[in-house]
Amino acid sequence: GVSLDIMYELFDRAKSRNRTDVFLTPLVQNPKCPPDILDEFAKSAFYLRRKYVAKNPNTSVPTLVKLSQDEHPEVREAAINNPSYEDPTDWALGDW
């Protein structure tokens, strides 16, 4: 697989050039992609990239909650179906 160092290098290169190249899509789909990189890609203007982040099991719960409210239905569905997703109403209505 791709090492963590390579993942960060690819991400840093894309950020420094203010672009998100096509080769970064496999990075976002990689289940070992670090959550901080996924958090950045969750802000992408491209709904498919947000959808891949929403499907990634390594995406943080706060990011999944945000993506569950995305404007695009496929992104919302992917976030809600992610096994790591926690519905915020569950926290609010949980045992106190």
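**Overall picture**

The protein chain contains seven helices and zero strands, where helices (H or I, at least four residues) and strands (E, at least two) are DSSP runs numbered from the N terminus. This is a predicted model, in which local features need pLDDT of at least 70 and side-chain atom pairs count only at pLDDT 80 or more, while totals for chains, interfaces and linings use all residues. Residues are numbered from 1 along each chain as its sequence is written, and side-chain values use heavy atoms, with hydrogens and water left out.

**Chain-level values**

- Read along the sequence, the pattern of the protein chain is α-α-α-α-α-α-α.
- Of the 96 residues in the protein chain, 36% are buried, where buried means under 20% relative accessible area, exposed means over 50%, and partly exposed lies in between (1.4 Å probe, protein chains only).
- Among contacts with a separation of 6 or more in the protein chain, 45% come from residues 24 or more positions apart, a contact being heavy atoms within 4.5 Å.
- The protein chain exposes about 6200 Å², of which carbon and sulfur atoms supply 54%; accessible areas come from the Shrake-Rupley method with a 1.4 Å probe, and for residues only the protein chains shown count as cover.

**Nonpolar core**

- The largest nonpolar core has 19 residues, and those with the most contacts inside it are Leu-27, Cys-33, Ile-37, Phe-41, Val-53, Ala-54 and Leu-67; such a core is a set of buried Ala, Val, Leu, Ile, Met, Phe, Trp, Tyr and Cys residues joined through side-chain atoms within 4.5 Å.
- At least two residues of this core are supplied by each of helix H1 (4-16), helix H2 (24-29), helix H3 (35-41), helix H4 (47-55), helix H5 (61-67) and helix H6 (73-81).
- When residues up to four places away in sequence are not counted, Cys-33 touches Met-7, Leu-27, Leu-38, Asn-56 and Asn-58.

- Thr-25 is placed in helix H2 and counts as buried because its relative accessibility is 17%.
- Leaving aside neighbours within four places in sequence, Thr-25 is in contact with Arg-49 and Tyr-52.
- Ala-78 is placed in helix H6 and counts as buried because its relative accessibility is 10%.
- Leaving aside neighbours within four places in sequence, Ala-78 is in contact with Lys-51, Ala-54 and Lys-55; the C-alpha atoms of Ala-78 and Lys-55 are separated by 5.4 Å, although the two residues are 23 residues apart along the chain.

**Salt bridges**

- The structure holds three salt bridges, each being a side-chain nitrogen of Lys or Arg within 4 Å of a carboxyl oxygen of Asp or Glu.
- One of them joins the side chains of Glu-40 and Lys-43 (3.4 Å, N to O); Glu-40 is partly exposed at a relative accessible area of 32%, whereas Lys-43 is exposed at 62%.
- Another joins the side chains of Asp-70 and Arg-50 (2.7 Å, N to O); Asp-70 lies in the loop between H5 and H6 and Arg-50 in helix H4, so this pair ties together parts that are 20 residues apart in sequence, and both Asp-70 and Arg-50 are buried.
- Glu-74 forms a salt bridge with Lys-51, with the closest N and O atoms 2.9 Å apart; because Glu-74 lies in helix H6 and Lys-51 in helix H4, the pair ties together parts that are 23 residues apart in sequence.
- Within that pair, Glu-74 is partly exposed, with a relative accessible area of 30%, whereas Lys-51 counts as buried at 18% relative accessibility.
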